[in-house]
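Subject: A structure for you to look at

Hi there,

I am passing along a structure that is new to you, with the sequence and coordinates just below. Once you have it open, please read on for a short tour of what turned up.

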Amino acid sequence: MTTPEKSRSVAIVGAGPVGALMAVYLANRGWNVHVYETRPDMRLPENKAKIQNRSINLALSTRGLTALKGTGLALDELIMKSGLPMRGRMLHIGDEGHLVSQDYGVHGECINSVDRAKLNEDLITAAEELNNVKVSFNLTLKRADLDKGTLALENKETKEIISAHADLIIGCDGAYSSVRNSLMRYVRLDFGQEYIPHGYCELSIPAKVGADGKPEFAMDPEHLHIWPRHKFMMIALPNPDKSFTVTLFMPFANFEMIHNEGDLLNFFEQYFADAIKLMGKDLLIKEYFKNPKGSLVMVRANPYHYKDRCIILGDAAHSMVPFYGQGMNCGFEDVRILDSLLSEFNVKSTKVGESDNSLALALEAYTDRRAKDLKAICELALYNYTEMRHGVTSPVYLMRKKVESWLHLLVPSKVIPLYTMVSFSNRPYSEAYARHHKQGFWLSVAGAAVGLGTAAGLLVAGWKQRRQLKDAAGLLKAAFLTAAQSAQKLVQ
Ligand SMILES: Cc1cc2nc3c(=O)[nH]c(=O)nc-3n(C[C@H](O)[C@H](O)[C@H](O)COP(=O)(O)OP(=O)(O)OC[C@H]3O[C@@H](n4cnc5c(N)ncnc54)[C@H](O)[C@@H]3O)c2cc1C
Ligand SMILES: NC(=O)C1=CN([C@@H]2O[C@H](COP(=O)(O)OP(=O)(O)OC[C@H]3O[C@@H](n4cnc5c(N)ncnc54)[C@H](OP(=O)(O)O)[C@@H]3O)[C@@H](O)[C@H]2O)C=CC1
Ligand SMILES: Nc1ccccc1C(=O)C[C@H](N)C(=O)O
């Protein structure tokens, strides 16, 4: 007698961007999907006010777009309808905010500023439009029994505990994941949580009124604006209503030194004078004191799964600091990769007898293959903070960037800038990381050679002219530092 086929049911905990996208992918495979979300439905007008002023926009790039496209529902196009392409960084240097543009890619590649709430709402709607998806709000997962496949969920309003069942439980419930807490009781889960000493506060630059009375951007909207101040920084991303969402990242110790309006204005006059003009003092004061000072946490976990019963994805598995603009992109890539493994291991939408362990194998392969990539992007995200707040102003960094871009144009298969590999490709993060290090030595040598050559040329051509001597001295210094770095790397 053959065992009757059993439809696979999946409970996704968390209807954030990753949970909603996972729901679409699994529904496309014919699974029965139920998503449980602790928050109220943010598409309802009465709930909108509750989520205001929390990380309003996000940078969406190739990995995220590839996963959205992979649904076959043109979700990439839907989200990009209101996305604003940013082709580079605009640095606001010094007290007067002298502007310097640095392109992200040599071929005009862009990352895109998208509205977090709208993206999340669009994905939930796309999931709900599929017949086999149900989304329930106001339900908080309290605990899960992974062997039995049961979930205990609390109704946020009535506090009643309801129970649900699923063959597979997927934790997409963010950095403080409850599914992960349950998973820890079933597997020897290596786990780490680390707060960095820096936090963030969101501010804004409103649209200005144009000559025709219509709203206009107060700064160039095709850039991600950065005020690099070495130990801290401020950034701004454009919004479709022509405002900018500004985020001030700095050590909590510095936030704690600002007690009143006077302290705040003194601090901004000293470091971000050009931004005060754009924000307006009143709005700056109002937003700074009203908006929360968020913390920044890194979470690492391994493994990500338990048998064929549970897996964690997105921030639940790998919360990272936001500085590469990759957290959500990486979470979307998690979904795409898990889906491709379900195909590779021929996991059917129905379970075929007790001996069908295809799902367990697919989940195991996910942990095995994904771990090194998630480790790499978490490290890169942290590294990018130093680059954004400090590196972008250093001559060594600038020279390396230039040389790297030239070489990429000349020999694109041999030299690819790290930023291009991370933000404009789907190449595994660990490969990008390893390749960047390999390229590093030769780039430093090439950088030093270019620097020395240019400096020597300048010296010969204009040794009498002080200004050129100054330029040459700068370049020589950069070349020397680059050469010293190369030598150091060689010794290591
Ligand atoms: C300041 C800042 C800027 C960022 N900028 C970018 C960027 O530019 N680009 C980028 O790619 N990433 C960015 N990120 C990272 C990005 O926000 C996250 O990686 C992304 O939100 C993760 O999505 P997620 O669905 O895994 O988790 P979340 O977005 O955290 O969603 C989790 C969901 O689960 C729900 N939930 C939690 N607990 C429970 C429970 N017990 N029961 C039921 N539901 C639950 C939550 O309410 C939430 O809706 C940024 C992060 C920050 C803080
Ligand atoms: N990597 C990072 O540094 C950061 C990442 N993020 C990511 O972006 C997502 C969206 O951000 P946002 O909307 O601001 O998220 P929230 O700050 O609103 O938090 C989302 C969820 O996490 C819970 N939570 C918050 N702080 C803690 C804590 N210290 N301990 C336990 N649980 C906590 C909240 O529970 P409750 O509803 O009970 O308050 C809520 O369920 C986050 O969920 C996270 O994944 C956000 C901030 C920093
Ligand atoms: N979205 C962000 C949120 C916070 C901090 C940085 C970003 C970035 O996107 C940085 C961008 N990738 C850069 O390297 O210039």
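Let's start with a hairpin: strands E10 and E11 form one, with four residues between them, and Gly149 in its turn has a positive phi of about 75 degrees. Helices (H or I, at least four residues) and strands (E, at least two) are DSSP runs, numbered from the N terminus.

A word on the conventions before going further. This is a predicted model, in which local features need pLDDT of at least 70 and side-chain atom pairs count only at pLDDT 80 or more, while totals for chains, interfaces and linings use all residues. Residues are numbered from 1 along each chain as its sequence is written, chains are lettered from A and ligands numbered from 1 in the order in which they are written, and side-chain values use heavy atoms, with hydrogens and water left out.

As for confidence, the protein has a mean pLDDT (the predictor's confidence in each residue, from 0 to 100) of 92, and 91% of its residues reach 70 or more. For the complex, the predictor gives an ipTM of 0.92 and a pTM of 0.91. Where pLDDT is low, the predicted coordinates should not be read in detail.

Strand E10 (residues 139-145) runs antiparallel to strand E11 (residues 150-155), and six bridges join them; two strands pair if DSSP finds at least two bridges between them. Arg143 has Ala152 in E11 as its bridge partner.

The seven-stranded sheet

There is also an open sheet of seven strands with mixed pairing, in the order E7-E6-E17-E18-E19-E14-E20. Its edges are strand E7 (98-103) and strand E20 (294-302), each with a single partner strand, so one side of each is left without a neighbour in the sheet. Here too, the twist averages 30 degrees from one strand to the next.

Within this sheet, strand E6 (residues 88-93) and strand E17 (residues 223-228) run parallel and are joined by four bridges. Gly88 has His223 in E17 as its bridge partner. Helix H10 (residues 281-290) lies across strand E14 (190-205) and strand E19 (244-251), at about 155 degrees to E14.

Two helix pairs

How do helix H1 (residues 17-28) and helix H5 (residues 116-128) cross? Their axes come within 8 Å and cross at roughly 25 degrees. H1 and H5 are therefore roughly parallel (angles under 35 degrees count as roughly parallel, over 145 as roughly antiparallel, 65 to 115 as roughly perpendicular and the rest as oblique). Their crossing is left-handed, meaning that the near helix is turned anticlockwise from the far one by less than a right angle; clockwise would be right-handed. In contact (heavy atoms within 4.5 Å) are Pro17, Ala20, Leu21, Ala23 and Val24 of H1 with Leu119, Asn120, Leu123, Ile124, Ala126 and Ala127 of H5. Ten of these residues are nonpolar, one is polar and none is charged; Ala, Val, Leu, Ile, Met, Phe, Trp, Tyr, Cys and Pro count as nonpolar, Asp, Glu, Lys and Arg as charged, and the others, Gly among them, as polar.

The axes of helix H12 (residues 327-344) and helix H13 (residues 358-389) come within 9 Å and cross at roughly 150 degrees, which makes H12 roughly antiparallel to H13. This crossing is right-handed. Among the residues in the contact are Glu333 and Asp334 of H12 and Arg369 and Arg370 of H13. The contact divides into twelve nonpolar, no polar and five charged residues.

Backbone details

The peptide bond from Asn302 to Pro303 is cis, with omega near 0 degrees, and Pro303 sits in the loop between E20 and strand E21 (305-306). Lys159 is not a glycine, yet has a positive phi of about 65 degrees; its place is the loop between E11 and strand E12 (161-165).

Best wishes

Methods. Axes fitted to C-alpha atoms, helices over the stretch in contact; angles between N-to-C directions.
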